[in-house]
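This briefing concerns the nonpolar cores and the salt bridges of one protein model. Please examine the structure below before reading on.

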Amino acid sequence: MLLGNPGMRAIWRAAGLVLALAFACALSAPAAAQALKAELLLTEGELDGPPSSAPVSARSLAQGPDDLVYLTMPRRDAGYWIRLTTDRDIAASESRLLVLRGARARGPVTYYPPGAPPRIVNDAENGGPVLLRRGWVLPLPNGWTRGDVAYLRVGGNTAEALSLRLATVPELARQERGDSRFMVAAFTAMMLMAVAMVAIWYAFRDLVYLAYGAYLACAAVYLLLVSGDAAEMWGLSGLANGRLTVTWTLATLATIFQLGFSLRFLELPRLLPRLALLVRTVQWANIAWLAVLIVLRERVHGFWYIGGNALLLVGIPLMFSAAVMAWRRGAPYAGYYLLGWTPLLLFVGVLAAYPFGVGRAEWADRGLALAAVLESGVLALALSQHAANRHRLTLLARQSGDRDPLTGTLNASALRLLLETWSAPGSLGLKHHGLLLLDLDGFGEINARYGRTVGDALLQQALARIRGVLRPDDTIARMDGDSFAVVAECERVDCELLGRRLADAFSQRPFRIDGHEIAVSASVGLAMAQRGEPVQSLLDRAEHALLGARSAGRNTVGVAPAAPAQTLAAAPEPQPG
């Protein structure tokens, strides 16, 4: 072996010695010189200028010339003074700048540069200019001599963290250009996926697609606003002027739509009804808190973020737990949900906790947009499979070979199979659908009077008349004898209206067959499908509604009551896998 060769052993020993010496040198090398120090001063009342002395409540040190200093400041009516020092001389010819981020919501920020008169750098209340995408530059017109002190006077109307660092103009230009390109690309990708979700919703009328599309749109615009790029985009510059109210509104709307999407996507009402109720409670709490912001606006800026972030910190572990439990219960797309949402929820959680003094959010702020794009891609892929499965079921309904030989439509066994497929966990079948059973009144008498041939022709014409009332996506089957079944995706009111139109289609004009004019009416029984209800229970309820309609007289529509709770509870559920 090569390792057994004496020459190779010598080479390995020499390499090991070199690595050990390099490691020792790294440990013994002096630490990089501190370039910037920021101290948060706790002063009493308002001051006209920098304090001569004040206790230091917080301190942050930069370990290198390009490192950041962070200060987390809770809300305080009197505001804060920040004292800045450096341990090395910075010549004016270096063209270095101080970069301030995170003060957008704090009102005017007054900057006292070393050896130069003060200036207001963030007059946010009066629409002052934003020099960077998410921050401001503080120039050093006379350089900075070691031992000189610079000050910042910052408002305290919100609990927001500030960061400062030293940079040059070329460095800032490169960073701003790269960040702007990435944010525009992320915004474009998310909006395209939002449009695709709305198109799928239009095709299938399932709110799971619309809720996710609305979430994507709100999240995309929110990310563009907080990045500072919205002011340069047509149609969004007006939103950028809304500052905190618009930004917080979009963030809360994204949360509300995300919770609604999660309820449907994870099938929580069926798999975990109690947890679904808790999620709805959090959703309504967000709606109520958003209403407070919209009505009171600037008057609640000082404390509204506390409730908003608290709701986020409650909702994040709740939704993660819901996804895990739904996955264990057999929700087919919960794995996609966990894969897509976990990184994003991590970033959102860190950002929500930061105003409470937990963690450092710079890395989360940079990664939030990337996590949002990855999450939207994963969930869009899952919903595309969702839609493809739905389309496959529709084609199955139209192309099934299990058909009635007389009319060519589906027969009873094919309809039962489709109903079981639509109601099975993960089938993503019809959300709100009704089963309508239709019987021709007095069909036995027609067969006895005119013969079976006329009766068969009447059934074929009856099918054509039924199809003339239905939409292309509705499913029709011949059950037995003169009985037909229709499955329509619609709300209860619309299904009842469809039942009435079906009955009227028979009563308004007679059939003409072989020179005979035959008047036929129809009775219709309607049962609305419920989550977790066995197919046989749905068929039985529709049959009972039909019997009630026939007992009430001809040309009548009967509507079945909701299924008993014990029937729904008896529905089979997937076991944890």
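Buried means under 20% relative accessible area, exposed over 50%, and partly exposed in between (1.4 Å probe, protein chains only). The model is predicted: local features need pLDDT of at least 70, side-chain atom pairs count only at pLDDT 80 or more, and totals for chains, interfaces and linings use all residues. Residues are numbered from 1 along each chain as its sequence is written, and side-chain values use heavy atoms, with hydrogens and water left out.

**Salt bridges**

- The whole structure holds seven salt bridges, each defined as a side-chain nitrogen of Lys or Arg within 4 Å of a carboxyl oxygen of Asp or Glu.
- Glu 39 and Arg 59 form one with an N to O distance of 3.1 Å.
- Glu 39 belongs to strand S1 and Arg 59 to strand S2, so their pairing ties together parts 20 residues apart in sequence; strands are DSSP runs of E, at least two residues, and helices runs of H or I, at least four, numbered from the N terminus.
- Glu 39 is buried, at 8% relative accessible area.
- In helix H14, Arg 492 and Glu 496 lie four residues apart, about one turn, and their side chains meet at 3.0 Å, N to O.
- Arg 492 is partly exposed at 40%, as is Glu 496 at 30%.

**Nonpolar cores**

- The largest core has 60 residues; a core is a set of buried Ala, Val, Leu, Ile, Met, Phe, Trp, Tyr and Cys residues joined through side-chain atoms within 4.5 Å.
- Helix H3 supplies its largest share, 13 residues.
- A second, separate core of 32 residues includes Ile 446 and Leu 502.
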